[in-house]
Amino acid sequence: MAHEETVYDALDQAHGGEGHWAFGTGFDDPLAGVDTTVPDGVDPADLGAYCLMLGDDALVLAQRLTQWVTNAPELEEEVALANIALDLLGQARLLLARAGSVGVLGRSRTLAGDTIPDEDALAYFRDVDEFRSTALVVAPNGDFAQTIARLLVAATWRLALFARLRASRDPVLAAIAAKGVNELAYHRDHAGRWLLRLGDGTAESHQRAQAGVDAVWPLLADLFTATEVEARLTAAGVAVDPASVRDEVRSVLDEVLTRATLRLPAWPADAAPGGRLGRHGPELPALLEELQGLARTHPQATW
Amino acid sequence: MSAPTRDSLLDDATLEAYFDATIAAGHRIEPRDWMPEGYRNGLIRQIAQHAHSEIIGMQPEGDWLLAAPSLRRKAILLAKVQDEAGHGMYLYSAAETLAADRADLTDKLIERRQKYSSIFNYPTLTYADVGVIGWLVDGAAICNQVPLCRSSYGPYARAMIRVCKEESFHQRQGYELLMTMMGGTPEQRAMVQDAVDRWWWPSLMMFGPPDDDSPNTAQSMKWGVKRHTNDELRQRFVDMSVPQAEFLGVTLPDPELTLDPESGHYRFGAIDWAEFKRVIAGEGPCNDERIARRRAARDDNAWVTEAATAYAEKQP
């Protein structure tokens, strides 16, 4: 009885004024109250470019995982995949906001209306060649097994990077990494547990898991090669050298695949950076068209 | 003193008298208590229909997840659609306390042997639809569901408390989106009005047929499964929504909508019950699409569930 009245009361009171309804109104700067000073000796353009690399990976993978929502195998998995996508979206927002705070906005700032915050200017008003995401996260989902194989690789790699990034000389990056480590540890665990079930489940799931792993492994090739930006920022104590996480990533993946009774595909030779330099295959334009279309149709709108 | 259980040796008449007394006293029926088969089956039907509505209801809004126009809106919508999956899970669990089975209920949904709320058979044409669904559709759902927090069946009542709290949050988020859009460009304001025009009447239909054409209402109210009639709840929703529409600055698409000063209630125009029946019968704009997607999620991924089961059986 009491509960019923409470909820009705809350709704009735809401007639009276905007205050009752509009909590969360407006846009809150995700970096509000954070000291965004760039560390000494660091080129803000480099720092911003690095934030775009890490932010775009998170944004694009969140978009891919969101494609599973309403299509997942079980309701529990709907919730889990949406949750992982939400974590990554949160990381993307912080990283894009950090890129904006150091002035790395380029043309997106003039294309987006004044009411649009930096994170959205960057997410919605950059063109394909301005995105810095790796081929690993851009690749289509494939079936559930391939989705899980990609998530395992992406989470393992990103967790290894973020664990080291907690010591970054940029306090904002260090804080984003510290928050992200807990999330990524869960993502890796979730994907790892699924790969065990699929690899050691039925004959069909084993075959699909192996095919998923085989499809994803070549995408490891450019993950461990530093761009010039990453090399300079690593020297400055701001970024993590991607080569430094290779052994950890390999050892985790080897262990999970072995326990999942899957054959280890050949480890690909290191390749030159591609996505990190804005070079993308045909899948990213299609993904961005869907992501950006509505926002670009209404550049002066307020959402 | 606790209620007799199903294992009790008491005869049915005694058990039923005890059941009726429990209901009359406003106490809750719990899963192990004896209950008439009609009560059990009616509840399974109602809870399953509600659970199906949550799961099918993920689709119309889910269609905007990939295209949400800001990252903040994307996060809000993703969290909301995720909540709906959670509501479906609690509700299927509540049905399982009555000896129903989630997979079987899902099969019945896909084979169209059980229904879901007809509102989810309408398409979401613009992003304003996301806001209007929050405001009107979730608003109507709250009016329907808040009384169910006092349902005579314990597990359902307890699930509804959490569902209602989250629905209330969703309604406010929807309204807040509309407020923001009404403060935006002329195109955005036009989108909001258009969405209100399309969703208002289907929202009124969410309360079900009028009382003189609602065959289950009397028994459901006697058993305390339902607490108010369809028309009472519909009136409550209209009375609540009119001032909200005025504050928002939109016009509700009903020229007959007027305040009756004597009763204090808003009088509204005739609902097109023929349309309601068509949509219920499967002829709404999106019925086939909604069921097809649910069927594909089950069938295309059946191998995943089989794998998880096989793996679990192998563990020591």
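How exposed is Glu16(B), in terms of relative accessible area? Glu16(B) is partly exposed, at 34%. Here buried means under 20% relative accessible area, exposed means over 50%, and partly exposed lies in between (1.4 Å probe, protein chains only).

1. Basis. This is a predicted model, in which local features need pLDDT of at least 70, side-chain atom pairs count only at pLDDT 80 or more, and totals for chains, interfaces and linings use all residues. Residues are numbered from 1 along each chain as its sequence is written, chains are lettered from A and ligands numbered from 1 in the order in which they are written, and side-chain values use heavy atoms, with hydrogens and water left out.

2. Confidence. The model has an ipTM of 0.93 and a pTM of 0.93. Chain B averages a pLDDT (the predictor's confidence in each residue, from 0 to 100) of 93. In chain B, 97% of the residues score at least 70.

3. Acidic patch on chain B. Glu16(B) sits in helix H1 (residues 12–24) of chain B. Helices (H or I, at least four residues) and strands (E, at least two) are DSSP runs, numbered from the N terminus. Together with Asp11(B), Asp12(B) and Asp20(B), Glu16(B) forms a patch of negative charge on the surface. Patches are made of residues with over 30% relative accessible area and no salt bridge; like charges are joined within 9 Å, nonpolar side chains (Val, Leu, Ile, Met, Phe, Trp, Tyr) within 5 Å. Asp and Glu count as negative, Lys and Arg as positive; His and the chain ends are not counted.

4. Salt bridges overall. The criterion is a side-chain nitrogen of Lys or Arg within 4 Å of a carboxyl oxygen of Asp or Glu. Side chains of opposite charge can pair when their charged atoms come close.

5. Within chain A. Asp127(A) and Arg296(A) form a salt bridge at 3.2 Å, N to O. The pair links distant parts of the chain, 169 residues apart. Asp127(A) is in the loop between helix H6 (118–124) and helix H7 (135–138), while Arg296(A) is in helix H13 (residues 283–297). Asp127(A) is partly exposed at 27%. Arg296(A) is partly exposed at 31%.

6. Between chains. Lys314(B) and Asp200(A) form a salt bridge, with the closest N and O atoms 3.1 Å apart. The pair joins two chains, because Lys314(B) lies in helix H13 (residues 302–314) of chain B and Asp200(A) in the loop between helix H9 (171–199) and helix H10 (203–216) of chain A. Lys314(B) is partly exposed at 45%. Asp200(A) is partly exposed at 23%.

7. Within chain B. Asp63(B) and Arg293(B) meet in a salt bridge of 2.8 Å, N to O. Asp63(B) lies in the loop between helix H3 (58–62) and helix H4 (71–96), and Arg293(B) in helix H12 (residues 287–300), so the pair ties together parts 230 residues apart in sequence. Asp63(B) is partly exposed, at 34%. Salt bridges that share partners also join Glu61(B), Lys80(B), Glu84(B) and Asp138(B) into one network.

8. Backbone points to check. Most residues other than glycine have a negative phi. Thr70(A) has a positive phi, near 75 degrees. Thr70(A) is in the loop between helix H3 (44–66) and helix H4 (75–101) of chain A, and is buried at 6%. Thr261(A) also has a positive phi, near 60 degrees. Thr261(A) lies in the loop between helix H12 (246–259) and H13 of chain A, and is partly exposed at 41%.

Terms used: Areas by Shrake-Rupley, 256 points an atom, 1.4 Å probe, with all protein chains shown as cover. Charge placed at Lys NZ, Arg CZ, Asp CG, Glu CD.
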